[in-house]
Amino acid sequence: MNVSQTGQIIDGKAIAARVRETVAVRTAALVQAGARVSLDAVIVGANQAGRVYADNQARMCAEVGIDYRLHELPAETTQGDLDKIIDTLNADPVVTAIMVHLPLPEGVNTEHVQARIESSKDVEGVNPANIGNVIYGRRSLVPCTALATMTLIESTGIDLAGKRVVCVGASNIVGKPVAVLLMRAEATVVSTNIQTPDVPALCREADVIVTAVGLPGLIRADMVRSGAVVVDVGISRVKDTETGRMRTVGDVDFDAVRPVAGWISPVPGGVGPVTVAMLLRNTLDAAERAAGKSGD
Ligand code: NAD
């Protein structure tokens with residue numbers, strides 16, 4: 001038996017490009033029908049990195065025909081000020097999609113702000129109502145990274161029903177919603193966190209590993225079953241030992257794991273670009289629903 005194999009790359013950039021193409025076509029049709037497709041983003045006390053991120057978001061929206069409006073608030077913004085802005089956006093019928101850039105300044109409670117966003121406009125899926133609906137499989141806006149993770153897994157063609165999946169990391173925004181989406185696909189899901197004993201042994205049994213921790217090198221080749229699907233959500237900045245330059249890596253020891261895996265997503269170029277594309281798709285979904293065009 002030939003045990004040496006090279007895992008196929010799950011190309012997040014190509015998948016994201018296809019999602020954006022579809023979004024652009026559907027957006028054009030909705031605008032043609034007289035609706036407005038827009039994203040209202042709120043940023044508080046933006047630093048240089050935050051502005052670059054918002055500029056990129058504006059460019060991505062423009063590329064697919066989504067109207068992007070950035071509401072820039074000063075660093076001194078209080079919880080009460082931010083509540084008022086969110087309430088105004090919630091009440092404005094022209095606004096169909098809202099997102100709030102993180103981090104928020106000290107003294108502003110992030111979860112409180114997220115829960116205040118009207119659930120039908122919450123395109124990042126951070127309002128607990130949306131996350132609750134994910135459990136029931138009801139129509140809801142699902143957190144973008146979780147949607148991206150599922151899209152990457154599904155792109156491999158694997159039938160998740162009955163498969164063993166280990167989620168490494170169980171945050172509210174990634175690990176938990178991914179685990180729920182996988183359960184909905186009738187996979188057998190093991191959700192692990194920092195307290196879980198012997199994560200490597202659990203991983204070795206898995207047909208699919210999803211890792212979202214932020215620890216470079218966490219997933220080693222000896223933790224991966226031959227042929228498994230490995231999706232890496234982690235993002236860390238490390239210093240390259242050869243060039244001395246900073247570079248972005250995931251949780252997976254990519255070069256060592258690839259020969260063992262059946263499919264593997266790289267970092268960068270895996271989950272990241274698809275997450276951005278999912279924000280655009282959620283924005284369009286919210287606009288379609290507001291215009292009564294979603295069919296449900
Ligand atoms: P978080 O810090 O909120 O949660 C980390 C989780 O990992 C926790 O559940 C913790 O218990 C668990 N954990 C820590 N060490 C562990 C270990 N040794 N074994 C098993 N579990 C362990 O993180 P987050 O917000 O979910 O982000 C996780 C990573 O994903 C980060 O690197 C972040 O940058 C990245 N991320 C990427 C995207 C994207 O679009 N690609 C989006 C969000 C987050």
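This is a predicted model: local features need pLDDT of at least 70, side-chain atom pairs count only at pLDDT 80 or more; totals for chains, interfaces and linings use all residues.
**Entry 1: a proline in a loop**

I began with Pro103, which sits in the loop between β4 (98–100) and α4 (110–116). Helices here are DSSP runs of H or I with at least four residues, strands are runs of E with at least two, and both are numbered from the N terminus. I looked up the peptide bond from Leu102 to Pro103, and it is cis, with omega near 5°.

Residues are numbered from 1 along each chain as its sequence is written, and side-chain values use heavy atoms, with hydrogens and water left out.

I found a cis peptide bond joining Val267 and Pro268, with omega about 0°. Pro268 lies in the loop between β11 (263–264) and α10. Next I checked Glu186, a residue other than glycine with a positive phi, near 65°. Glu186 belongs to the loop between α7 and β6.

**Entry 2: domains**

I looked up the domain assignment, which gives domain 1 (32–124) and domain 2 (142–272); such bounds come from an automatic or database assignment. The centres of domain 1 and domain 2, taken over C-alpha atoms, are 29 Å apart.

**Entry 3: the sheet of three strands**

A reminder from class: strands of a sheet pair through backbone hydrogen bonds, either parallel or antiparallel. In what order do the three strands of this open sheet stand? I read the order as β3-β2-β4, with parallel pairing; two strands pair if DSSP finds at least two bridges between them. At the edges are β3 (67–73) and β4, each pairing on one side only. Neighbouring strands of this sheet are turned by 20° against each other on average, direction ignored.

I then followed β2 (residues 38–44), which pairs with β3 in the parallel sense over seven bridges. Leu39 has Tyr68 in β3 as its bridge partner. Helix α3 (residues 79–91) lies across β2, β3 and β4, and runs at about 175° to β2. For such angles, axes are lines fitted to C-alpha atoms, for helices over the stretch in contact (heavy atoms within 4.5 Å); the angles run from 0 to 180 degrees between N-to-C directions.

**Entry 4: the sheet of six strands**

I traced an open sheet of six strands in the order β1-β11-β8-β7-β5-β6, with parallel pairing. β1 (8–9) and β6 (188–192) stand at its edges with a single partner strand each, so one side of each has no neighbour in the sheet. Strand β5 (residues 164–168) pairs with β6 in the parallel sense over five bridges. Cys167 stands opposite Ser191 in β6. Helix α7 (residues 175–184) packs on the sheet and touches β5, β6 and β7 (208–211), its direction making about 170° with that of β5.

**Entry 5: the ligand**

How many residues surround the ligand? I found 19, the closest being Ala170, Ser171, Ile194, Ile235 and Thr275; a residue counts if one of its heavy atoms lies within 4 Å. Helix α10 (residues 271–290) gives the largest share of this shell, three residues.

The protein covers 69% of the 860 Å² of accessible area that the ligand has on its own, by the Shrake-Rupley method with a 1.4 Å probe.
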